[in-house]
Amino acid sequence: MRKPIRKLSIYLLIFSILLFQLATIASADNTIRIATFNCEFLTRPKVHIKFGLNINLNSEPASVRNQWNQPGFRDQKFNEAAKAVAHVIHSIGADVIALVEVGDDTDVSELNAETRSLGLDYPHMAVCDSADKTTNQYVAVLSKFPLTDVKRTIDGREGYLKEPDDPETEDDSGISKGMRVKFTAHGKEFLLYVVHLSSERGGYEQDQQRISQASIVRRHYLPEVKAGKLVIVAGDLNDHRGQPTLLRIRGLDDIHEDLIQTGHTQYFDKDKLDTRWTYQFEGVRQQIDHILLSYSIKDACKRGGIKAWTVEHGNSLASDHRPLIVEMRLRE
């Protein structure tokens, strides 16, 4: 009598394994992985910065200028840098990735081709209309899903005070590097905003400018959140969790519905909480690259279905930033 029991146990084990595999496949079919990555000056006119040179090449010695001005040399160095960035993008394996500090359509197409050569294909691509003529930086999206209703700018102006106690110092700002795209994944439509906000290096005045830019983003996506749409804001926001820029862009300083901070401890594995940083400046590690989600997305996910992590790529030529990845397991 023992042999039939043993056979039954084996059959039950096989059946359990098959059920587990089917469940895993079903889960994967309803999973979407979003990432954001600052590619650090992967823009052809300024790619020399990746190789340790000043943003203004004219400040370098004549021998360096002559080398970079040789026909084909800059293209060669850009290709070298694009290969390094492509390897990081390939390691992320995102379905949709928001790229910051990249070049124009030509540059991003070359980066996409390098990524494709590694076996990761993004058939859909969009690049913003950049107003930043100093850095020649753009933001872009690479996607496995078709991108529709692409808005290559985030329009609008917002005022701010350069000096907190002097109303005569009022100025205003727009967003020089921002865009919005729509894509549909697993039967659900998502709206993705990709932005690169003003740097932290300009002190108080630039801090206020960055908050004003966050207000513009908030103004754009808020009607969509109120309508119950699935909204994502991603990119380099140049401020870390809990700071005024993040409070403003998420909506924690107004009465309307907020965005979720995926950098929160609840979305990271407990043994990975010290890895939540994406940039290190003068020895200080902080998360300045963010992926923010509407509550409608959380409602569309399974319980505990949002998970975040960063990647330590260890490639200084690729970037001085670490990518942030968010994976969402959607309900059936």
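Which residues does Met-328 touch, not counting residues up to four places away in sequence?

**View 1. Met-328 and its neighbours.** Leaving out anything up to four places away in sequence, Met-328 touches Asn-30, Thr-31, Ile-32, Ile-34, Ile-232, Leu-293, Ile-297, Cys-301, Gly-305 and Ile-306; a contact here means heavy atoms within 4.5 Å. This is a predicted model, where local features need pLDDT of at least 70, side-chain atom pairs count only at pLDDT 80 or more, and totals for chains, interfaces and linings use all residues. Numbering runs from 1 along each chain as its sequence is written, and side-chain values use heavy atoms, with hydrogens and water left out.

**View 2. The largest nonpolar core.** Met-328 turns up again here, listed with Ile-97, Leu-99, Phe-183 and Ile-232 as the residues with the most contacts inside this 69-residue core. A nonpolar core is a set of buried Ala, Val, Leu, Ile, Met, Phe, Trp, Tyr and Cys residues joined through side-chain atoms within 4.5 Å, and buried means under 20% relative accessible area with a 1.4 Å probe, protein chains only.

**View 3. Helices and strands in the chain.** Seven helices and 16 strands make up the count; both are DSSP runs numbered from the N terminus, helices being H or I with at least four residues and strands E with at least two. Buried residues account for 49% of the chain's 332. Of the contacts between residues at least 6 apart in sequence, 72% join residues at least 24 apart.

Terms used
Buried means under 20% relative accessible area, exposed over 50%, partly exposed in between (1.4 Å probe, protein chains only).
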